Amino acid sequence: MSKKVAVVTGANKGIGLAIVKGLCKAGFKGDILLTARNEKLGQEAIAGLQAEGCKNVIFHQLDICDQGSSLKLKKFLEEKYGGLDVLVNNAGIAFKNSATEPFGEQAEVTMRTNFWGTLWVCHALLPILRPNARVVNVSSFVSKKSLDQSNPELQAKFRSKDLSEEELCLLMGEFVHAAQTGDHTAQGWPNTAYGTTKIGVTVLSKIQARVLSETRPGDGILLNACCPGWVRTDMAGQNASKSPEEGAETPVYLAMLPEGAKEPHGQLVWDKTVQEW
């Protein structure tokens with residue numbers, strides 16, 4: 001039961017796949033669960049990794065937008081491993097600039113995956129974290145840019161040390177509602193669905209880290225948000241400046257922080273460096 005285990009979401013391609021490969025090459029001692037919605041694509045990714053010498057990778061189906069799917073994964077982890085040592089919440093989506101869907105629809109769909117999906121995975125899996133576990137929520141530098149484009153009142157809320165998870169959830173819901181009614185910019189929100197969902201992920205990470213410090217103070221668990229950078233993926237396109245392997249460097253660094261490390265914790269980290277929020 002004491003074998004170590006890591007979970008990476010949205011890992012059949014792009015940055016997620018590069019994170020799995022990076023954990024393997026960094027010498028993660030245990031099983032690495034590559035999770036994805038589509039079993040066929042997931043199994044193909046596993047076959048490719050095993051051909052490259054990553055023998056400790058296993059596929060497990062996970063649709064982060066389905067709460068039942070996260071709970072199934074929790075049950076599997078509890079029964080097979082007795083807990084969880086590394087969680088990398090990488091799964092996420094973004095509409096292309098050329099997308100024709102109404103902004104309100106883009107806001108709802110993007111929020112469901114990037115914020116709510118990440119939250120649901122955390123609700124399922126954070127309770128089974130073992131001492132010295134590492135959690136990495138993949139956010140984006142766009143979250144900081146979008147925060148700076150919000151009005152002063154929203155900025156103050158998103159920078160508040162006292163904001164609760166419930167209050168953050170209400171704010172994310174308010175953005176989607178405002179986007180659907182076309183009032184989001186008038187209400188001081190940035191004009192980006194993706195950026196606002198990633199504000200949510202960064203602030204959620206800060207809240208989760210604070211709660212872990214309060215509820216499990218001696219357990220040495222570290223939780224951070226990170227920005228992989230502008231990476232050549234299906235999402236960002238082929239003009240981006242980083243390869244997926246380069247994009248995986250910071251998430252892997254945070255997932256492999258040595259036992260006994262006290263920081264970073266509750267930070268937004270980019271190129272292995274803590275960013276001002």
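Modeller: V252 is buried, with a relative accessible area of 12% (buried means under 20%, exposed over 50%, and partly exposed in between, with a 1.4 Å probe and protein chains only). V252 sits in helix α10, which covers residues 249-255 (helices are DSSP runs of H or I with at least four residues, strands are runs of E with at least two, and both are numbered from the N terminus). This is a predicted model, in which local features need pLDDT of at least 70 and side-chain atom pairs count only at pLDDT 80 or more, while totals for chains, interfaces and linings use all residues. Residues are numbered from 1 along each chain as its sequence is written, and side-chain values use heavy atoms, with hydrogens and water left out.

Leaving aside residues up to four places away in sequence, V252 touches I19, G22, L23 and A26 (contact means heavy atoms within 4.5 Å). I207 lies 45 residues from V252 along the chain, and the two C-alpha atoms are 22 Å apart.

I19 is also among the residues touched by N90, along with V8, T9, G10, I15, G16 and V138, again not counting residues up to four places away in sequence. N90 belongs to the loop between β4 (84-89) and α4. N90 counts as buried, at 11% relative accessibility. From N90 to S140 there are 50 residues in sequence, and 11 Å in space from C-alpha to C-alpha.

Helix α4 (residues 103-125) packs on helix α7 (residues 165-181) at an angle of about 165°, with the axes 8 Å apart (axes are lines fitted to C-alpha atoms, for helices over the stretch in contact, and angles between N-to-C directions run from 0 to 180 degrees). α4 is therefore roughly antiparallel to α7 (roughly parallel is under 35 degrees, roughly antiparallel over 145, roughly perpendicular 65 to 115, and the rest oblique). The crossing of α4 over α7 is left-handed (the near helix is turned anticlockwise from the far one by less than a right angle; clockwise is right-handed). On the α4 side the contact takes in F103, G104, A107, E108, M111, F115, W116, L119 and H123, and on the α7 side E165, L168, C169, M172, F175, V176, A179 and Q180. By class, this contact has 12 nonpolar, three polar and two charged residues (Ala, Val, Leu, Ile, Met, Phe, Trp, Tyr, Cys and Pro are nonpolar, Asp, Glu, Lys and Arg charged, and the others, Gly among them, polar).

Helix α4 also packs on helix α8 (residues 193-215), where the axes come within 8 Å and cross at roughly 20°. That angle makes α4 roughly parallel to α8, and α4 passes α8 in a right-handed crossing. From α4, the residues that meet α8 are F103, Q106, A107, T110, M111, N114, F115, L119 and C122. Their partners in α8 are A193, Y194, T197, K198, G200, V201, L204 and Q208. This contact divides into 10 nonpolar residues, six polar and one charged.

F103 of α4 takes part in the contact with α7 and in the contact with α8. F103 also forms one aromatic cluster with F158, F175 and W189, and F175 is one of the α7 residues in the contact with α4.

Over the whole structure there are seven aromatic pairs (rings of Phe, Tyr and the six-membered ring of Trp pair if their centres lie within 6.5 Å, with planes under 30 degrees apart stacked, over 60 edge-to-face and the rest tilted). In F76 and Y81 the ring centres are 6.2 Å apart and the planes stand at 70°, so the pair is edge-to-face. Y81 is buried, at 1% relative accessible area, whereas F76 is partly exposed, at 25%.

A few backbone points remain. Most residues other than glycine have a negative phi, and most peptide bonds are trans. N132, in strand β5 (residues 129-138), has a positive phi near 65°. N132 is partly exposed, with a relative accessible area of 28%. The peptide bond from E263 to P264 is cis, with omega near -5°, and P264 lies in the loop between α10 and β7 (268-270).
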